[in-house]
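Colleague: I'm new to this one. Could you walk me through the side-chain contacts?
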Amino acid sequence: MSLPIRRLLLLLAAAGLMLPGAARAQELIVDLSQHLVAITTGFTGADVLLFGAAEQGEDVIVIVRGPPTRTVVRRKERIAGIWVNQDRMVFPRAPAFYHVAASGDLAGRSVAEILNAYRIGADFTNLRPRDRDAKSPEVEPFREALIRNKQRMNLYSTETWPVIFIGKRLFRTTIPFPANVPTGTYQVEVHSLKGGRIVDSATTPLVVSKAGFGAAVYDFAHNYSAAYGLIAIATAAMAGWAAGTIFRRA
């Protein structure tokens, strides 16, 4: 038996011990196979297993959103045969990552249909630009362009992923993180539905962080940018001198 499934069974047992009475309500239980995605040298992406338990007969929706980031969307226009940036719009708190999964018939619906139907994930369907751009008639085209750009980078869902039930209560799904996944703290939200209404919700955090030698270089470059620049220049100069010496001897 795999470690995630054993953890889930222990959670179910604990819930059963804590809730007295034969007719007790069974809460939504959720966990992840790992709560840290470490980005090391050669990182090519990662799949995180989400698993849990819900009431029999319920459907499940999973929303994974990355940290809010300032995102600039630019529109290019062709001038004198050259494409140049013209207008732009700033979205100060656009999610860096957005993933949607659902069970049953919900898995066959589009991301926008699910989020609009259940009024969840408003930061995806109603991305807000900065205040001075909010009244512009161009907001919707720029918003659509932002979503297309993120989908092209595999950072926003283009379709609803499936949540698979194992038996009557246990469920699981995979959260795919691409190689270019941004670092930060992610929120994993799980909603259980019955009769078309959300009856329970659970949230758990997940951290994406650089690790190893790459993380040390990244931190040094950001915390000591002047020293990092001098070292980079000195390294380049030494490499050039060494190459010149080798070619002269040859």
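**Side-chain contacts**

Modeller: Searching the whole structure turns up five aromatic pairs (Phe, Tyr or Trp rings, Trp by its six-membered ring, with centres within 6.5 Å; planes under 30 degrees apart are stacked, over 60 edge-to-face, the rest tilted). The ring centres of Phe 165 and Phe 171 are 5.7 Å apart with planes at 55°, so that pair is tilted. This is a predicted model, where local features need pLDDT of at least 70, side-chain atom pairs count only at pLDDT 80 or more, and totals for chains, interfaces and linings use all residues. Residues are numbered from 1 along each chain as its sequence is written, and side-chain values use heavy atoms, leaving out hydrogens and water.

Colleague: Is Phe 171 buried or exposed?

Modeller: Phe 171 is buried, at 1% relative accessible area, while Phe 165 is partly exposed at 26%. (Buried is under 20%, exposed over 50%, partly exposed in between, using a 1.4 Å probe and protein chains only.)

Colleague: Which residues form an aromatic cluster?

Modeller: Phe 97, Phe 177 and Tyr 186 make up one.

Colleague: Switching topic, how many salt bridges are there?

Modeller: Two, each a Lys or Arg side-chain nitrogen within 4 Å of an Asp or Glu carboxyl oxygen. One joins Glu 189 and Arg 65, at 2.2 Å from N to O. Glu 189 sits in strand β10 and Arg 65 in strand β4, so the pair ties together parts 124 residues apart in sequence. (Strands are DSSP E runs of at least two residues, helices H or I runs of at least four, numbered from the N terminus.)

Colleague: And which residue does Arg 143 bridge to?

Modeller: Glu 140, with the closest N and O atoms 2.4 Å apart. They're three residues apart in helix α4, about one helical turn.
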